[in-house]
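I opened this notebook to keep track of what I looked up, entry by entry, for a reader who is new here.

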Amino acid sequence: MPDVTTVEAGTFRRVAFLGGIYSNYLALQEALRLARARGVDALFALGDFGAFGPHPDRTVEILRDEGIPAIQGNYEESLSSAAEDCHCGYTDPRDNHFAEISYAYTRDQTTAEHKRWMGALPGHIRLRLGSRQVLLCHGSPRTINEFLWRSMTPDAFVRKLLRDHETDLVVCTHTGLHWSRFVEPGRGVVNCGALGRPANDGQTNVWFTIVEATSGGGLAGELRCEFVPVVYDHERLAREMEAERLPPEFVETIRTGHWTSCLEILPAKERAAGKY
Amino acid sequence: MSAALTYPLVPFYGFDTLWVQVAGTLCNLKCTHCFVSASPTNHNHEMLDLGTVKRYLAEALELGVKEYYFTGGEPFMNREIFEILETTLAQGPVSVLTNGLFLRPDSCRRLRQLSDASPWSLDLRISIDGWDAATNDPVRGEGTFERILQGIAHLAAFGLNPVLTVTEACAGAGSSEGRGHFLAFLRDIGLTKPRLKVMPLLRLGAEVERTRAYASWESLRGHSLTRGESAALVCSSGRMVTSKGVFVCPILIDSPEARMGETLRETDREFVLRHSACYTCHAEGLSCRT
């Protein structure tokens, strides 16, 4: 197991988890408002603050000004270590082409001071929700850029992750698609999705996730997971992306809700669900 | 011994992928580049029956396996293949590596039903070795190009979107121009979301006759691997089951030293990357995973 810095964050009842923000500072602002309106007692950001969208520093400034605890995603790991690429984990040349554009833009637009801040972030955060142990990671508890897709994360593997990492719940992001699976009450995996771009479903809203300790029944048992849609001024974001000369393919995704890149990594079910 | 003269060890990080050679080395085709020389008469490895597969699936469940792969030979020659797939899809995602020649409408309907009934992905990977009969058929056999296209069309008619797997026997397939050519070809035959995987050749089995064997310099002797490089190798997180036991990977099933045990648990240990094929996986970035 690679060495990962872990921070203990304390005990909470209702927490908001913010997945990949990809420079979508407008969606981030709206998500913060929605989460607070729902009475969360903490928010956590799970990495990949930059990429894809415009003006990456704006997202980082919001997170820092608000004092939101955060972990590194592959973007923060790469930017803070001056890596040559984003280590997103794509395998297709076209996907890698767009990843390179996205990384080069974000790298050039992120200040050295923000990169230092990213380098000091932990890889994991542990906290408690009620009586349950929760482990926050970017991709998976074992690899920062492992993709945990709904259709590729079977129960036996979930149980192994929980066992190996001594936790009740794993919260991750990295895929851009939100889902949850509880293999027994209060134990499972939540992928908190992404604030940065829509969920490839033809809708322009993006998502974050609230997990709450409850005493209710049901398969989720003591933990209740809610995916919260975030409707924001996506047209403004699209115009800013155009002004920054980001690829028209990225802008199309913001305007239509359909992914135009990172498609080759999608498993059969997730690929079938999208337009492209 | 000097590190320059030794072979690297790949650790075993845990059971992510289980490969099952469900059809043994039996295939209806006799492709000229097949690294296990599968053919209608090659009984080096025999078919696996449902009961045998179930025993390994039970062990895999305990080990927390993440993905299952079925290969051969040709998996659809196994008479119990649909029961095997149904049983496996009840516990995790599945990829089937097929030549596509058995994908008739009734089979494709059944596959669609199996896919719909499972929360996990079912991926069909179809091998093709060119964008026309003139490039494909010399490798895969006379008339196969048209029959592969029919299989793809039948899958597409039932809403299943295969991953087309091409080897570098198709000259230029690995370049970005070659990929572009192939993706355009797949769109032309009606796949609106084309999926393509290009794989390097392994200088084993029939391929040795078609082109050449490995040269002495094609070896990992003296190399050392980072953790990331080890993790990228199939043998650091997967194993292959055949009728002869559990092997280190899907490639080295004809190398006795690559047989690691009878049960999956016995094979939870490191492996010395002594074989020339290990060079292809490391240096050319070959991964058998979908």
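I began with A:H55, which counts as buried because it has 20 C-beta neighbours inside 10 Å (buried means 20 or more other C-beta atoms within 10 Å of its own, exposed 12 or fewer, partly exposed in between, with C-beta atoms placed from the backbone). Its phi is near 50°, a positive value in a residue other than glycine, and I found A:H55 in the loop between β3 and α2 (56-66) of chain A. Helices (H or I, at least four residues) and strands (E, at least two) are DSSP runs numbered from the N terminus.

I noted the ground rules next: this is a predicted model, in which local features need pLDDT of at least 70 and side-chain atom pairs count only at pLDDT 80 or more, while totals for chains, interfaces and linings use all residues. Residues are numbered from 1 along each chain as its sequence is written, and chains are lettered from A and ligands numbered from 1 in the order in which they are written.

B:S37 lies in the loop between β2 (17-21) and α1 (50-63) of chain B, and it is partly exposed, with 19 other C-beta atoms within 10 Å. Most residues other than glycine have a negative phi, and most peptide bonds are trans.

Which residues of helix α7 (residues 234-243) of chain A are buried? I listed A:H234, A:L237, A:A238, A:E240 and A:M241. They cover an arc of only 165° around the axis, which puts them on the same side of α7(A) (the arc is that of the directions from the helix axis to the C-beta atoms). On the other side, A:E235, A:R236 and A:A243 are exposed. Among what covers the buried residues of α7(A) are α1 and α8 (248-256) of chain A, where contact means C-beta atoms, placed from the backbone, within 7 Å.

My last entry concerns the sheet of chain A, an open one whose 4 strands run in the order β3-β2-β9-β10 with mixed pairing (strands pair if DSSP finds at least two bridges between them). β3 (42-45) and β10 (223-230) stand at the edges with a single partner strand each, so one side of each is left without a neighbour in the sheet.

Definitions and conventions: Two residues are in contact if their C-beta atoms, placed from the backbone, lie within 7 Å.
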